[in-house]
Amino acid sequence: MIKTYDVVIVGAGGAGLRAAVEIPKEYSCAVISKVYPPRSHTGTAQGGVCAALSNMEEDSWENHAFDTVKGSDYLGDQDSIEVMCRDAIRAIIELEHMGMPFSRNDKGLIAQRFFGGHTKPEDKNDPYGKRVPVKRSCYSADRTGHVMLQTLFENSIKNQVTFYSEYFVTDLLVENGVCKGVVAFDIANSEVQIFQAKAVLFATGGYGRVFRITSNAHAGTGDGSSLVYNAGLPLEDMEFFQFHPTGLWKLGILVSEAARGEGGILKNKDGERFMARYAPSVMDLAPRDMVSRAIITEIREGRGIRGSDGTDYVLLDLTHLGKEVIDEKLPEITGFARTYLGVEPTTEPIPIQPTAHYAMGGIPTNTDCEVLLNEKGDTVKGLYAAGECACVSVHGANRLGTNSLLDLVVFGRRGGKAIAEFLKTAAFSDISEKADEKTRELIDRLLTSAGNERAVSIRTELQNNMMEDCGVFRSEAGLKKMIVKLEELKERYKNISIQDKSRVFNTELVEAIELNNLLNNAEATLYGAYNRTESRGAHSREDYPKRDDQDWMKHSFAFKKDSGAPEIKYKPVVITRYQPMERKY
Amino acid sequence: MDIQLKILRFNPEKDKQPYFQDFNVKNVSDDWRLLDVLHEIKGNYDGTLTFRRSCAHGICGSDGMKVNGKNKLACALLLKDINTKKTIVIEPLPALPIIKDLVVDMSSFFMKYEVIKPYLITNTPPPPNHERIQSNEDAEKLFESAKCILCACCTTSCPSTWTNENYIGPAAMLRAYRYINDTRDEGGDERLDILDTPDGIWRCHTIFNCIEACPKEINITWHISQLKKKLSSREM
């Protein structure tokens with residue numbers, strides 16, 4: 001059966017919902033999500049969303065743009081970054097107008113606080129001189145993502161958006177550079193459905209579940225990027241994966257940078273504030289890639305603390321902030337420390353270690369969220385992407401904290417607007433009644449397979465090995481080892497079987513398909529990392545420790561091949577006003 | 001250590017009735033979440049065991065279930081906080097139809113939430129170039145109710161829900177409180193009218209089960225009582 005909508009949005013996190021709100025009511029719009037919308041991963045974002053509102057001190061969008069470019073280690077496209085930082089101010093005001101509850105300052109304006117990598121020039125007349133931290137992050141205690149997601153979900157309800165919750169998208173229908181729709185199945189009964197659409201927007205989130213220690217939800221399996229990659233379309237800059245420095249030890253649960261924004265300090269086993277050695281001007285508020293490398297370096301040099309699980313951690317000390325600040329501004333994350341580690345953050349430091357957090361790379365798009373067909377900048381007609389699954393590229397080689405929530409609302413809206421414009425002249429493409437055959441065969445095969453491999457073992461091996469060999473630090477030897485492992489896992493995946501043969505709410509079936517998506521994302525990440533012989537932002541090659549602007553000021557575009565390594569092509573970085581400089585803090 | 005569990009199973013394709021299945025799970029540690037145990041069972045004992053989960057740290061609200069008779073999030077409950085010397089009994093959230101094993105049909109829960117108009121209602125246009133003014137004190141009055149993760153632990157723990165499936169329930173009322181008390185909102189009366197109906201707020205008999213069930217430790221009954229006060233004063 002074919003269902004027909006003017007627009008189909010896949011994913012109901014911040015980007016998908018913001019796009020849905022933007023679609024004019026005269027067009028039919030369906031949002032398909034494998035979880036209920038308020039379960040989406042946007043809800044776990046904690047610390048804030050940056051915009052140069054100047055509510056606490058003077059600031060400008062240009063300051064924000066410079067920080068984002070520098071934070072990206074000069075790989076971010078500066079035209080996209082300008083669009084985002086300029087529009088940030090309007091976007092945050094708009095969220096407030098939609099009803100999002102914010103913490104406020106003493107004038108009743110949205111309150112703002114410090115965040116890693118967000119600075120301004122100490123002397124306004126010397127814009128490229130010494131920079132000092134600036135209060136730019138708008139927040140709602142430490143539940144900013146949670147209330148943002150709810151506000152957007154509730155505005156979608158107000159706009160009478162049609163939701164297909166707990167539907168899992170398994171196929172993207174693209175032919176000759178034109179998108180025709182998607183195929184999905186209803187998880188509740190495994191019934192397959194073709195969705196014909198004039199426009200499709202992917203807002204499917206990240207793929208942190210490729211790694212063992214991650215802050216990402218179990219749902220973070222890169223489904224959208226995998227479907228795009230399978231359809232022969234490129235994935236951009238997948239080698240850049242951010243490790244957040246402060247994951248709760250063992251579990252990887254995020255402890256927001258807001259903890260350091262409020263004055264929290266990182267300490268090694270000797271009680272030393274070690275960030276003073278790595279980033280003397282901003283110390284604990286250095287960007288995430290630098291702090292994560294500093295932590296791993298401390299641990300490697302014997303200044304970490306050995307945990308009962310055999311892994312090492314360092315300490316995040318909030319005790320000097322006082323109970324009042326902790327309870328008022330950081331209630332959620334301090335609650336995690338109490339619940340999961342039995343640590344009382346008002347009197348004891350919190351054990352932390354880096355955790356796989358955010359994909360800077362993804363589905364390449366232009367600033368109107370149109371998906372790119374190739375490295376030349378041609379677009380796929382009717383296909384859009386926004387949010388973590390997309391790569392515009394505003395985050396380049398390393399994302400600054402708070403810019404993910406900003407990315408969602410700015411580019412979610414732009415995607416919605418671009419689609420509304422496109423729909424004025426767009427028509428449906430013919431779609432075969434048999435377009436769902438591939439998905440039907442996939443489900444039947446998985447339900448009847450008698451293979452001797454199980455998803456859980458392949459997934460665990462993938463996660464352990466990616467963490468080890470494609471994590472914070474990388475080297476040719478480790479990456480080569482991982483490539484052999486990945487190719488082995490891909491082979492073994494062909495022989496997978498599941499125990500649950502039922503067509504009712506079969507989560508084992510969903511997980512088996514998700515594992516294939518993880519393998520695809522891992523492939524693009526791993527080969528990208530092997531290919532890029534330099535260190536830039538979150539991609540740190542021990543055998544190539546320097547940034548190489550001569551050869552590598554370019555984005556990688558990975559195209560899937562029938563087997564083995566993807567073909568990698570390149571697209572130049574867009575530079576508007578900021579020439580690459582050495583990145584020091 | 002090893003632990004014993006009894007888990008309610010139901011697959012409508014083959015079972016006429018739900019039934020309990022026993023599991024003896026080996027080599028767990030008391031710092032495990034109950035969710036980790038469920039994953040261990042699904043991964044290494046029985047791949048057919050079915051439950052929802054996503055964020056695994058108490059934010060997304062997917063894995064509400066009944067554990068030893070009380071509604072809990074499996075990801076926010078550690079084994080050290082359960083008596084593991086006795087068999088742990090796990091059932092789906094009560095009062096909602098079971099789809100399979102621990103997965104219940106949430107559609108009626110979300111319908112009730114939509115009924116109270118969970119969005120800002122306002123006739124006054126906002127200032128064009130900046131935010132509406134709201135004091136931090138007024139903003140913080142909303143934070144407790146806005147913490148709600150829509151897990152349905154409260155609504156399904158309420159005896160009024162058990163006896164009347166149309167009862168709007170604590171989660172929807174808590175959301176109504178969040179908007180009615182927002183200084184930016186002008187839809188308070190509309191929502192109070194919705195609450196002041198036979199299946200509405202007066203079905204709450206302050207039994208306090210909702211408070212005990214809430215994984216975010218929200219004092220839901222207090223919020224409902226504030227709404228009742230508003231309604232009473234409106235009638236006079």
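1. A word on terms before anything else: contact here means heavy atoms within 4.5 Å. With that in hand, take His357(A), which sits in strand β17 (residues 350-359) of chain A; helices (H or I, at least four residues) and strands (E, at least two) are DSSP runs, numbered from the N terminus. Setting aside neighbours within four places in sequence, His357(A) is in contact with Ser215(A), Asn216(A), Phe241(A), Gln242(A), Phe243(A), His244(A), Leu254(A), Arg288(A), Glu388(A) and Arg399(A). His357(A) counts as buried at 12% relative accessibility, where buried means under 20% relative accessible area, exposed over 50% and partly exposed in between (1.4 Å probe, protein chains only).

2. Some ground rules. This is a predicted model, in which local features need pLDDT of at least 70 and side-chain atom pairs count only at pLDDT 80 or more, while totals for chains, interfaces and linings use all residues. Residues are numbered from 1 along each chain as its sequence is written, chains are lettered from A and ligands numbered from 1 in the order in which they are written, and side-chain values use heavy atoms, with hydrogens and water left out.

3. On to chain A as a whole. Its secondary structure comes to 16 helices and 23 strands. A compact globule of 585 residues would have a radius of gyration near 25 Å, and the 23 Å of chain A agrees with that; the radius is taken over C-alpha atoms, and the globule rule is 2.2 Å times the number of residues to the power 0.38. Along the principal axes, the C-alpha atoms of chain A fill a box of roughly 65 × 50 × 50 Å.

4. How much of chain A is buried? Buried residues make up 69% of its 585 residues. The accessible surface of chain A is about 18800 Å², with 48% of that belonging to carbon and sulfur atoms (Shrake-Rupley method with a 1.4 Å probe; for residues, only the protein chains shown count as cover). Of the contacts in chain A between residues at least 6 apart in sequence, 74% join residues at least 24 apart.

5. Charges next. Chain A has 72 positive and 82 negative charges, and their mean positions are 1 Å apart. Lys and Arg count as positive and Asp and Glu as negative, with His and the chain ends not counted; the place of a charge is NZ of Lys, CZ of Arg, CG of Asp or CD of Glu.

6. Aromatics deserve a look. Over all chains, the structure holds 22 aromatic pairs (rings of Phe, Tyr and Trp, the last by its six-membered ring, pair if their centres lie within 6.5 Å; planes under 30 degrees apart count as stacked, over 60 as edge-to-face and the rest as tilted). Phe66(A) and Tyr578(A) make an edge-to-face pair, 5.7 Å centre to centre with 65° between the planes. Phe66(A) is in helix α2 (residues 61-71) of chain A and Tyr578(A) in the segment after β23 (567-572) of chain A, so the pair ties together parts that are 512 residues apart in sequence. Both Phe66(A) and Tyr578(A) are buried.

7. Another edge-to-face pair joins Tyr384(A) and Phe422(A), at 6.2 Å centre to centre and 65° between the planes. Tyr384(A) belongs to strand β20 (residues 379-385) of chain A and Phe422(A) to helix α11 (residues 403-423) of chain A, so parts 38 residues apart in sequence are tied together. Tyr384(A) is buried at a relative accessible area of 2%, and Phe422(A) counts as buried at 17% relative accessibility.

8. Now for chain B. One aromatic cluster takes in Tyr36(A), Phe153(A), Phe163(A), Phe109(B), Phe110(B) and Tyr113(B). In helix α1 (residues 34-44) of chain B, eight of the 11 residues are buried, so the helix is largely enclosed by the rest of the structure. The buried residues of α1(B) pack against α13 (455-469) and α15 (507-531) of chain A, together with β1 (3-9), β2 (19-25), β3 (64-67) and β5 (88-91) of chain B.

9. Finally, some backbone spots to check. Most residues other than glycine have a negative phi, and most peptide bonds are trans. The peptide bond from Val392(A) to Ser393(A) is cis, with omega near 10°, and Ser393(A) is in the loop between β21 (390-391) and α11 of chain A. Ala141(A) has a positive phi, near 45°, and is buried with a relative accessible area of 4%. Lys117(B) also has a positive phi, near 60°; Lys117(B) is partly exposed, at a relative accessible area of 27%.
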